[in-house]
Amino acid sequence: MVVKEWLFLSDTLVALLFGATVGPAGIGAVDPASWIDVPSFTLELTRLIIAIQVMAAGITLPKKYLTKELTSLLMLLGPVMAWMWLTSAVIIMLVFRLSFIESLLIASCVAPTDPVLANSIVRGKFAEAKVPQHVRNIISAESGANDGLGYPYLYLALYLLKYATAKEALTRWFVAVVLWEVLMSMVFGAAIGWAARKLLQFARKQGWIDHDSFLSFAISLTLLTLGLVSLVGSDDILACFVAGNTLTWDDWFREETKEAHFQDVLDTLFNFTFFIYLGTIIPWNEFTGGMDTLTTGRLVVSAVLILLFRRLPMVLAVTKLTPAIETFRESLFAGWFGPIGVGAVFYAMVAYNELQDTMLADLRAKEFLLPIVYSLVTASVIVHGITIPLYHIVSAVPNATFAVSEYLSRTPSQPSPRLFGFSPRSLTEIGGLRLPANASGLSLPRHATAITVRQHARHLADDIVPSSCPPDPVHTPLQASGLQHKVLPSYGSVDTGNDGI
């Protein structure tokens, strides 16, 4: 909480660094590989976490949001996501010298934006103060939907690698993935969400459900949706997002649970758990490179290029075609914050399992897949985790510069035996106030500084008034000097003679 709210650092960044510290690459206190099958466990853990997060993303959206912002969602899930996939593939192909289809396979893992990291961006003190609600909504909706839409990109590349002809690959891909896994999962999700909403409303009306069970209903619905849709072999992640949004389609469930923090607590628990775990399983030693084209330098170059060009240029290009993004600054924010996280690890594990097929045994992508994806996830967590603190530092520079220049313009650089060292014959400036020339003979103690004088400048202005001014009933004029006289609390009495300090 201290790190997130005071320093504006992402809690996922802190958790990842902690995991790397206690893992095999650090002090070696925890080594998951010694007691679990890491690929299988990671696949199911990421599936569960993503399902909960996309369900939460669907529930938090306003009433009938998917139809109201359909144009914006189609733009982000269509051209923008395709651009992210193809751009990442080209960069991976050029940097690591892989074939284009193998690069498409790896790029499909990092094409979706991550709902876990996106959730940390659209919530918290910074988001509530700086990010408009409609921008937060579209980021949540996109991250929830496109995590389920990663399957078509992944399996298109797999089928092109697996089958002899492009016609056979495209036919199987369209029937098995597009029609069954994507379209049917949306139908299943909508049906489950609608039935759950009607049953929950009926149970609440009859008094058959208590408050605690009501608040935990979203988690139960997530597990139910995962199980049912997985049994029929469809896209369970996309179904969870659609079910969540259908559950709160009329805003009833969202309004009823708005003030509850149960979901936030559960999200935080899962997020911390996963990124600590991720820090312990990332093969940091493989980042140093064991092959000519898999080196630390190439991983860093690919991470920089992908973070810069994977998403931002296309989001900026389609700003005017995306009603949910109204200004250039909003487009810049939405384009930059397209993080790579849990979703990328999930799809990497799916691809890793598929690459165990004997028909794909000779692919070089098997050796490059996990190191590239892990390095991109690490880079995204670090870069997006420190972006907001850097924003605060940069935004504070103009104010600090103005304050320093203002101070220097009002404070002399050299000491003087007289007040600010002005000639008795000229007008004297004190703290930005102009006083008569004969005010320059004021006696001050030797320890008085320019800052101390500025603090009492306005008191001094009240005590020294030109004799030409009409007499003030509060003050008594001095006949000799033409100045009014009063004892100051810090400086002592005003001396109208010519003696210096």
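The side chains of Arg 204 and Glu 256 meet in a salt bridge with an N to O distance of 3.5 Å, a salt bridge being a side-chain nitrogen of Lys or Arg within 4 Å of a carboxyl oxygen of Asp or Glu. This pair links distant parts of the chain, since Arg 204 belongs to helix H11 and Glu 256 to helix H15 (residues 252-256), 52 residues apart; helices here are DSSP runs of H or I with at least four residues, numbered from the N terminus. Arg 204 is partly exposed at 34% relative accessibility, and Glu 256 is partly exposed at 36%, where buried means under 20% relative accessible area, exposed over 50%, and partly exposed in between (1.4 Å probe, protein chains only). The model is predicted, so that local features need pLDDT of at least 70 and side-chain atom pairs count only at pLDDT 80 or more, whereas totals for chains, interfaces and linings use all residues. Residues are numbered from 1 along each chain as its sequence is written, and side-chain values use heavy atoms, with hydrogens and water left out.

The structure holds nine salt bridges, including one between Asp 251 and Arg 254, with an N to O distance of 2.8 Å; Asp 251 is buried, at 14% relative accessibility. Salt bridges that share partners join Glu 44, Arg 47 and Asp 236 into one network. Arg 47 counts as buried at 17% relative accessibility, whereas Glu 44 is partly exposed at 44%.

A nonpolar surface patch is formed by Phe 174, Val 175, Leu 179, Leu 183 and Met 186, which together have about 420 Å² of accessible area. Patches consist of residues with over 30% relative accessible area and no salt bridge, like charges being joined within 9 Å and nonpolar side chains (Val, Leu, Ile, Met, Phe, Trp, Tyr) within 5 Å; the areas come from the Shrake-Rupley method with a 1.4 Å probe, and for residues only the protein chains shown count as cover. Met 186 lies in helix H11 (residues 166-206) and is partly exposed, with a relative accessibility of 37%.

Thr 225, in helix H13 (residues 217-231), is by contrast buried, with a relative accessible area of 0%. A polar atom of the Thr 225 side chain lies 2.7 Å from the backbone oxygen of Leu 221. When residues up to four places away in sequence are not counted, Thr 225 touches Met 55, Ile 192, Ser 230, Ala 239, Cys 240 and Ala 243, contact meaning heavy atoms within 4.5 Å.

Phe 96, placed in helix H5 (residues 70-96), likewise counts as buried at 0% relative accessibility. Although Phe 96 and Leu 294 are 198 residues apart in sequence, their C-alpha atoms are 6.6 Å apart in space. Apart from neighbours within four places in sequence, Phe 96 is in contact with Thr 293, Leu 294, Arg 298, Leu 299, Ser 302, Arg 364, Phe 368 and Ile 372.

In helix H2 (residues 11-22), the end C-alpha atoms are 17 Å apart, which agrees with the 16 Å that its twelve residues should span at 1.5 Å a residue, the expected span being 1.5 Å times one less than the number of residues. The buried residues of H2 are Asp 11, Thr 12, Leu 13, Ala 15, Leu 16, Gly 19, Ala 20 and Val 22.

Key:
Helices (H or I, at least four residues) and strands (E, at least two) are DSSP runs, numbered from the N terminus. A polar contact is a pair of N or O atoms within 3.5 Å; within protein, one must be able to donate a hydrogen and the other to accept it, and residues adjacent in sequence count only if both atoms are side-chain atoms.
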